[in-house]
Amino acid sequence: MKKILITGADSYIGTSFEKWVKKWPEDYSVETVGMVDGTWKEKDFSVYDVVFHVAGIAHVSTDTKMEDLYYKVNRDLTIETAKKAKTEGVKQFIFMSSIIVYGDSSHINHKRVIDKNTVPTPSNFYGNSKLQAEEGIMPLMDDKFNVVVVRPPMIYGKGSKGNYPKLAKMAQKLPLFPDVDNERSMLHIENLCEFIRLVVKNEESGLFFPQNREYVKTAEMVRLVAEAHGKKLKITKVFNPALRVMGNFVGVVNKAFGNLVYEKSMSDYKENYRVGDLRESIMLTEMVTEGSGSNR
């Protein structure tokens, strides 16, 4: 039985993981502690095998007034929590970092492939706060304290925030959608939860880059969302020339149609954590049940 403490009450990833491992009640027990009011500092960590640290500010802000808060929460709180876990005899500390440590330079006209030799170059204080947190906790690792840093790409699933729900709304309203040949690394929440479960089970340490098995083309993802709601969405290349010009000036175009992927072998693992493919994950996210082949 692995006893896991999730630091960060009501977080999307933490809540999803807690629900996921309930399928193995004999193998995992999970508790959650809030990190806002400071009472977590009085909590006894020594009764846990694993601390899964998901507390943090999850989305990019350009408001410079927020900068200090990002470092305080994403960096300082992470390091303080990891040090407490080590001091109190926890065996494994898992930190949710992000692909954003490599910067957000995803462009409609240029494919960007991150491999194991790519040096992180954060382009904002969100990415930099995550990277500095990593740099603060990795030296704590020794033969009695395993540190795991996970740098996922965009995470999506039922109830997720960010770009996915915006695109999903568009899929249900628009009759046409641009057919741009882009590629994105993405990670469905269930694939992430299974990956974390395996990392706990196998008592891992080190740096990991989980992603879906297939890269995602935005137009195909939006088409699948429309299909999940019984709508036919026509995809067309007629807007592509204008979008490629706009990509040099309009950030939202690159957010929707940019190219940013992890080289696929980076994300391989000794056990299969990809419990669903893109189509299955979209149907699940949009709460549409297809067939009975799912193991969920």
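In this report, helices (H or I, at least four residues) and strands (E, at least two) are DSSP runs, numbered from the N terminus. The structure is a predicted model, in which local features need pLDDT of at least 70 and side-chain atom pairs count only at pLDDT 80 or more, while totals for chains, interfaces and linings use all residues. Residues are numbered from 1 along each chain as its sequence is written, and side-chain values use heavy atoms, with hydrogens and water left out.

**Overall form**

The protein contains 9 helices and 12 strands. Its radius of gyration, at 20 Å, is close to the 19 Å that the globule rule gives for 296 residues, so the protein is as compact as a globular protein of that length. That radius is taken over C-alpha atoms, and the globule rule is 2.2 Å times the number of residues to the power 0.38. The C-alpha trace spans about 60 × 45 × 35 Å along its principal axes.

Of the 296 residues, 52% are buried. Here buried means under 20% relative accessible area, exposed means over 50%, and partly exposed lies in between (1.4 Å probe, protein chains only). The protein exposes about 14,200 Å², and carbon and sulfur atoms supply 53% of this area; accessible areas come from the Shrake-Rupley method with a 1.4 Å probe.

Contact means heavy atoms within 4.5 Å. Among contacts between residues at least 6 apart in sequence, 84% join residues at least 24 apart.

The protein carries 42 positive and 38 negative side chains, and the centres of the two sets lie 5 Å apart. Lys and Arg count as positive and Asp and Glu as negative, whereas His and the chain ends are not counted. The place of a charge is taken as NZ of Lys, CZ of Arg, CG of Asp or CD of Glu.

**The nonpolar cores**

In soluble globular proteins, nonpolar side chains tend to be buried together. A nonpolar core is a set of buried Ala, Val, Leu, Ile, Met, Phe, Trp, Tyr and Cys residues joined through side-chain atoms within 4.5 Å. The largest such core has 29 residues, and those with the most contacts inside it are Ile 4, Phe 52, Ile 94, Met 96 and Ile 196. At least two residues of this core come from each of β1 (2-7), α1 (12-21), β2 (28-33), β3 (50-53), β4 (92-96), β6 (146-150) and α5 (189-201). Helix α5 provides the largest share, 8 residues. A second, separate core of 28 residues includes Trp 40, Ile 100, Phe 125 and Val 147.

Setting aside neighbours within four places in sequence, Ile 4 is in contact with residues including Phe 17, Tyr 28, Val 30, Val 50, Phe 52 and Val 200.

**Individual residues**

Two residues other than glycine have a positive phi. For Asp 10, phi is near 65°; this residue lies in the loop between β1 and α1 and is exposed, with a relative accessible area of 74%. For Glu 203, phi is about 50°; Glu 203 is found in the loop between α5 and β10 (206-208) and, at 47% relative accessibility, counts as partly exposed.

Ser 97 and Lys 111 are both in the loop between β4 and β5 (113-114). Ser 97 is buried, with a relative accessible area of 5%. Not counting residues up to four places away in sequence, Ser 97 touches Lys 130, Glu 134, Val 149, Val 150, Arg 151 and Pro 152. With its neighbours within four places likewise left aside, Lys 111 is in contact with Glu 183, Asn 259 and Val 261.

Val 252 belongs to helix α8 (residues 251-257) and is exposed, with a relative accessible area of 57%.

| Pair | Separation along the chain | C-alpha separation |
|---|---|---|
| Ser 97 and His 53 | 44 residues | 9.7 Å |
| Lys 111 and Val 253 | 142 residues | 14 Å |
| Val 252 and Asp 115 | 137 residues | 25 Å |
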